[in-house]
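Q: Before we start, where should I look when I open a new model? Please take me through one, feature by feature.

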Amino acid sequence: MIGIFRSLMLGLFLAVGAFAVDAVVTGTPAQAAGDVKKGKKVFAKCKACHKTVAGKKSVGPNLNGLFGRTAGTLAKFKYSKDMKAAGAKGLVWNEETLFTYLKNPKPFVGSFIGKKKAKTRMVFKGLKKEKDRANLIAYLKEATAK
Ligand code: HEC
């Protein structure tokens, strides 16, 4: 009995260790390096509302220069109160924040401002597949570079 317990604990220890190493190497836990080409296809879901080329207007904020930008701060775009509040509380767009935001946008913004579900203006339910998000982020990194 004790033997089983010990080997179980050892297995758990090893699994956690591997996870930690993965997190250090990739920067984001359990997130494989994304595929830019596949990510471009995923972006079809965002295209109706977002442009990646600077200066172009759309329903959603222009995403040019997104990485490193504080949420809700693109000049002249009319954001929701909650998105601006999240920015004021320190939400900055990068691989990690986008990875979680794009899974389930409203609750993520909500978690930043202490609400269960934020009232943000983005009508998009989220991308549940980790792969899709990783690929999309790889694409966005290239496409939104200034
Ligand atoms: C139906 C239109 C629509 C779709 C589809 C959509 N968005 Fe948005 N998005 C918006 C709007 C509107 C906002 C502003 C939200 C607010 O102010 O609450 C926004 C905000 C954002 C922001 C925050 C930007 C900033 O300047 O703070 C990011 C990042 C983003 N969207 C990425 C995406 C990605 C990636 C997709 C595709 C997976 C997507 N969106 C799909 C309309 C959309």
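This is a predicted model: local features need pLDDT of at least 70, side-chain atom pairs count only at pLDDT 80 or more; totals for chains, interfaces and linings use all residues.

Q: Is Ile137 buried or exposed?

A: Count neighbours around the residue. Ile137 has 23 other C-beta atoms within 10 Å. The cut-off for buried is 20 or more, so Ile137 is buried.

Q: Which residues does Ile137 touch, leaving out those up to four places away in sequence?

A: Ile137 touches Gly34, Gly39, Glu95, Leu98 and Phe99. Take Phe99 as an example. Phe99 and Ile137 are 38 residues apart along the chain, yet 7.5 Å separates their C-alpha atoms.

Q: How many helices and strands does the protein have?

A: List the elements in order. There are 6 helices and 0 strands. From the N terminus, the order is α-α-α-α-α-α.

Q: What share of the 146 residues is buried?

A: Buried residues account for 26% of them. Then turn to contact range. Take the contacts between residues at least 6 apart in sequence: 56% of these join residues at least 24 apart.

Q: What is Ala71 in contact with, beyond four places in sequence?

A: Ala71 contacts Met83, Ala86, Gly87, Leu91 and Trp93.

Q: Which residues of α5 are buried?

A: For a helix, ask which residues are buried, then where they point. In α5 the buried ones are Pro105, Lys106, Phe108, Val109 and Phe112. They lie on the same side of α5, because their arc around the axis is only 165°. Their cover includes α3 and α4.

Q: What follows α5?

A: Check the backbone after the helix. Gly114 follows α5, with a positive phi near 75°.

Q: How many residues surround the ligand?

A: Collect the shell, then sort it by class. Here 23 residues surround the ligand. The closest are Cys46, Cys49, Gly60, Ser80 and Thr120. The shell comprises 16 nonpolar, 5 polar and 2 charged residues.

Methods. Residues are numbered from 1 along each chain as its sequence is written. A residue is near a molecule or strand if its C-beta atom, placed from the backbone, lies within 6 Å of it. Ala, Val, Leu, Ile, Met, Phe, Trp, Tyr, Cys and Pro count as nonpolar, Asp, Glu, Lys and Arg as charged, and the others, Gly among them, as polar. Two residues are in contact if their C-beta atoms, placed from the backbone, lie within 7 Å. Helices (H or I, at least four residues) and strands (E, at least two) are DSSP runs, numbered from the N terminus. A residue is buried if 20 or more other C-beta atoms lie within 10 Å of its own, exposed if 12 or fewer, and partly exposed in between; C-beta atoms are placed from the backbone. The arc is that of the directions from the helix axis to the C-beta atoms.
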